[in-house]
There are 2 protein chains.
Amino acid sequence: MLDLLIKNATVITMEGKGLGIIPNGAVSIKGNKIVEVGKYDSLTYKKAHREIDAENKVVMPGLIDAHIHTGIAILRGLSQDVDNWMEGGLWPFAKALDEQGRIKGSMVNIIEGIKAGTTTFCDYDNPMDKIVENHAAIGSRAVVADTINEMPEKGDIKVGELYPLDPAVGQQKFKNALNLMEKWHGYKDGRIRCLMGPQGPDMMSKELLLEVKEVAKKYNTKIHMHVAQGDREILQMEKRYGKRSIQYLDEIGYLDEMLLAVHLTEATAEETKLVAQRGASMILCSGSIGIIDGIVPPAAEFIKHSERLALGSDQAPGNNCNNMFNEMKFTSILNKCNAKDPKAFPSWEVLKMATINAAKALGMEDEIGSIAPGKKADVIIVDTKSPAMFPALHSPQRNIVPNLVYSASGSEVESVIIDGKVVMEDRKLISVDEKQAVQEGQEAAEKIAKRAEEFYDSMETTLSKKMKEGLL
Amino acid sequence: MLDLLIKNATVITMEGKGLGIIPNGAVSIKGNKIVEVGKYDSLTYKKAHREIDAENKVVMPGLIDAHIHTGIAILRGLSQDVDNWMEGGLWPFAKALDEQGRIKGSMVNIIEGIKAGTTTFCDYDNPMDKIVENHAAIGSRAVVADTINEMPEKGDIKVGELYPLDPAVGQQKFKNALNLMEKWHGYKDGRIRCLMGPQGPDMMSKELLLEVKEVAKKYNTKIHMHVAQGDREILQMEKRYGKRSIQYLDEIGYLDEMLLAVHLTEATAEETKLVAQRGASMILCSGSIGIIDGIVPPAAEFIKHSERLALGSDQAPGNNCNNMFNEMKFTSILNKCNAKDPKAFPSWEVLKMATINAAKALGMEDEIGSIAPGKKADVIIVDTKSPAMFPALHSPQRNIVPNLVYSASGSEVESVIIDGKVVMEDRKLISVDEKQAVQEGQEAAEKIAKRAEEFYDSMETTLSKKMKEGLL
């Protein structure tokens, strides 16, 4: 007996050379796995505890958000339209951020992602041992990393100054990451996995980076790290080591298949090619880097050499949303405009970047990223009767994929199934109370704001001035 | 007695030097006009037939979509990721497009816009005398133009060939536009207004352009026209007249305050400056031109010289959505990346482009674009308890405006009031049945698709090949 049978759907499997689209298709699920996918008549098993009639709907793999900081979501909208996003906008406020704010904000952020069709979150933040409990409770698939760095408390670092590094801070964070790994790696048949998450080559010593690598080898996990993430990082690297990030990482043996290189904002074409050729993956955060830097990262160069490219929504204080439909659309259009070529980054390629290619980038292509027998049952159901998906045509030209990538905003996602469980149905979260989560998050945010009132105005940031001018 | 009083809201009036934000504000409405706006205690009149408690909500002017072709929405998703968008993708399908398809598709498209907070639609299509009935029925504010050109039936024009122009076609379309003007201009106390809409300087003779101008003068309306909308147009102009569009328009007396110049995709900095200095408005369609051309139009140059810049969602076959939240976000980020400057096109400026500056561009700033006593009551209510707007902070730094521009997708719009009437409430359309409109539209689309089946495959377009490869 199957647990769930979804039928009459347009199934986009993301299997095979094309996208593996099956009109009037069906997907069967038992436990946390996909049993079969195909035309209804071709299925071996048809009896299920529950059937979903998905007529006029698309069934597709859940989207993979390969880089998200849910712990700072509570600072959404507090740093954009400024130079020096981190020093000029984020850090002043982050001084008032507390653990409760990180945890409560994270929950709302995960809800935001699920409501927009994200089923896998590569969550990169701290305190991850607390944040991960949100993923456990809500039912999301999570690949988590507790951020490791040697940075003293934030907030007082001026633009251009070399950061002080504190090995004691590093060791404490490293220990936290190890504890996380021991406690959570493999939780619920692998629904939650852990990675090592050094924050960046500029934010810690070579020694600590190498310690991190040994742990990653021991657990056979990837290393999730910001690389060449901005001119700030490059400046730090040149001041500290006299070389740029990628050369440094190559020299210390960090450029290999274990590396998930996030951003590559400042990577040259040569450097990007090297990252790809060494077998590392690229995680591209188009919306975030577009807003906070005004830059289109070199993904076009990367995909000449590797398909291991995934998309990430990054963070709410500067993106300002965590929505993979938003990332797909921005990834395509920003790269079209960068190349001055409307054929660049077509819808079908971008859909791969949010599903099967993301799974490959994470080394999880045996588990997620497509709808195939034996894979984990992470699927989303999208309503094609929503005006933004109207009309739905299959012949003589199918328009479903372009409309998913260029028109849908995420609110067309009707139901979300993760690890075989219905986590959202008819846009209602099942395992958590959305309204309560937002209310608790709002209260936590107001406490942070109250603490920030004590020092924020005197800092006279770019945005506080704009507020005085009545523009914010 | 007031008709409607909205209270406890964060009101973004878009009045004054800043954005005129009033926390805990109230807006009162009688008939189709705003009576007062301010702190609740300051209101002269408080008794109303209906009150809306807008706690945790933003009340702001309805968004203005200054350029939309609702009549081709039914071809959504059928032309993108290709060179020569018009000849290569749109026109092959447009051969099968019928009047019923245009009208039914238009209705769904208007619903899409309203659900994303659009209250004014500058609709530019034909048959406008039929399409306008959708606006009349649903309750939208519409500034309509029946497209005028001298183009024979579409579909067989090869890339690079000079179009044949047919004066008989032009006279018929000119007559249709005149009839529209006489019948609809000023309908319902001006809720529907008409403009003249020559399709472009390349698609009609100078004589007809000058006739159009005379009519616009007579009715004291603007002229809504594509200008320098692509390399296709420039090529036609150079072949036919030996000069580029903007020089030609200046020579025939078309560059003045009456002109709404749509796109300017191919305008040089000098040409853009000339358009601005002559007093014409620019209508910028960031999403559409990004997808179909891979180009960021020269809005940054335009706003150095004029604030009369409005945003438009253009058309569903190539944008692929008609959503002003999408346009605001793309306008900002594309221009940031074009300028490599995260400070470019900040959220507060972009919000003006979708409201008060759009109204100025259309010459309607006495009626719409801000919340002020005596203006038409076009306001939207946005839920800040939606995860994408979370959290909502007012002190020490307000984050509402950046989150509206960079995070909201449009689905956060809860209610829409146009001309004093509630047109959508709690995301439910009041005056039309959304489900039925989509159903009727889908049926009309399938008829078009059936007709297209007869010839489409043999045309072997770029996209039909991609479908054969399983990518679409």
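Glu414(A) is buried in this predicted model, with a relative accessible area of 17%.

**Salt bridges**

Over all chains the count comes to 50 salt bridges. Side chains of opposite charge can pair when their charged atoms come close.

| Asp83(B) | Lys343(A) | 2.9 Å |

Asp378(B) lies in the loop between α14 and β15, and Arg141(B) lies in strand β8 (residues 141–148), so the pair ties together parts that are 237 residues apart in sequence. Both residues are buried.

**The surroundings of Glu367(B)**

Glu367(B) is placed in the loop between α14 (356–362) and β15 (379–383) of chain B. Its relative accessibility is 18%, and it therefore counts as buried, the limit being under 20%. Not counting residues up to four places away in sequence, Glu367(B) touches Arg141(B), Arg193(B), Lys375(B) and Lys376(B). Its side chain makes polar contacts with the side chain of Arg193(B) at 2.8 Å and with that of Lys376(B) at 2.6 Å.

Because Glu367(B) sits in the loop and Arg193(B) in strand β9 (residues 192–194) of chain B, the pair ties together parts that are 174 residues apart in sequence. Arg193(B) is partly exposed, with a relative accessible area of 21%. Elsewhere, Asp83(A), Asp341(B) and Lys343(B) are joined into one network by salt bridges that share partners.

**Nonpolar core**

In soluble globular proteins, nonpolar side chains tend to be buried together. The largest nonpolar core here has 296 residues, of which Ile12(A), Ile12(B) and Met196(B) touch the most other members. Leaving aside residues up to four places away in sequence, Met196(B) touches residues including Ala145(B), Ile148(B), Phe174(B), Met181(B), Val212(B) and Ile223(B).

**The interface between the chains**

Chain B can be laid on chain A with an RMSD of 0.0 Å by a turn of 180° and a shift of 0.0 Å along the axis. That is the relation of a two-fold axis. Of the interface residues of chain B, 100% are also interface residues in chain A, so the copies meet through the same surface.

In all, 88 residues of chain B are in contact with 88 residues of chain A. The two chains bury about 7,200 Å² between them, with 64% of it on carbon and sulfur atoms. On the side of chain B, Asp81(B), Phe390(B) and Gln397(B) lose the most area to chain A, together 11% of what that side buries.

Between chain B and chain A the count is four salt bridges and 40 residue pairs in polar contact. Among the elements that give two or more residues to the side of chain B that touches chain A are α2 (99–115), α12 (324–339) and α16 (434–453). α16(B) gives the most to that side, with 10 residues.

Key: Residues are numbered from 1 along each chain as its sequence is written. Chains are lettered from A and ligands numbered from 1 in the order in which they are written. This is a predicted model: local features need pLDDT of at least 70, side-chain atom pairs count only at pLDDT 80 or more; totals for chains, interfaces and linings use all residues. Side-chain values use heavy atoms; hydrogens and water are left out. Helices (H or I, at least four residues) and strands (E, at least two) are DSSP runs, numbered from the N terminus. Buried means under 20% relative accessible area, exposed over 50%, partly exposed in between (1.4 Å probe, protein chains only). A polar contact is a pair of N or O atoms within 3.5 Å; within protein, one must be able to donate a hydrogen and the other to accept it, and residues adjacent in sequence count only if both atoms are side-chain atoms. Contact means heavy atoms within 4.5 Å. Copies are superposed by least squares on the C-alpha atoms of residues with pLDDT of at least 70 in both. A nonpolar core is a set of buried Ala, Val, Leu, Ile, Met, Phe, Trp, Tyr and Cys residues joined through side-chain atoms within 4.5 Å. A salt bridge is a side-chain nitrogen of Lys or Arg within 4 Å of a carboxyl oxygen of Asp or Glu. Buried area is the accessible area (1.4 Å probe) that two parts lose on being put together, summed over both.
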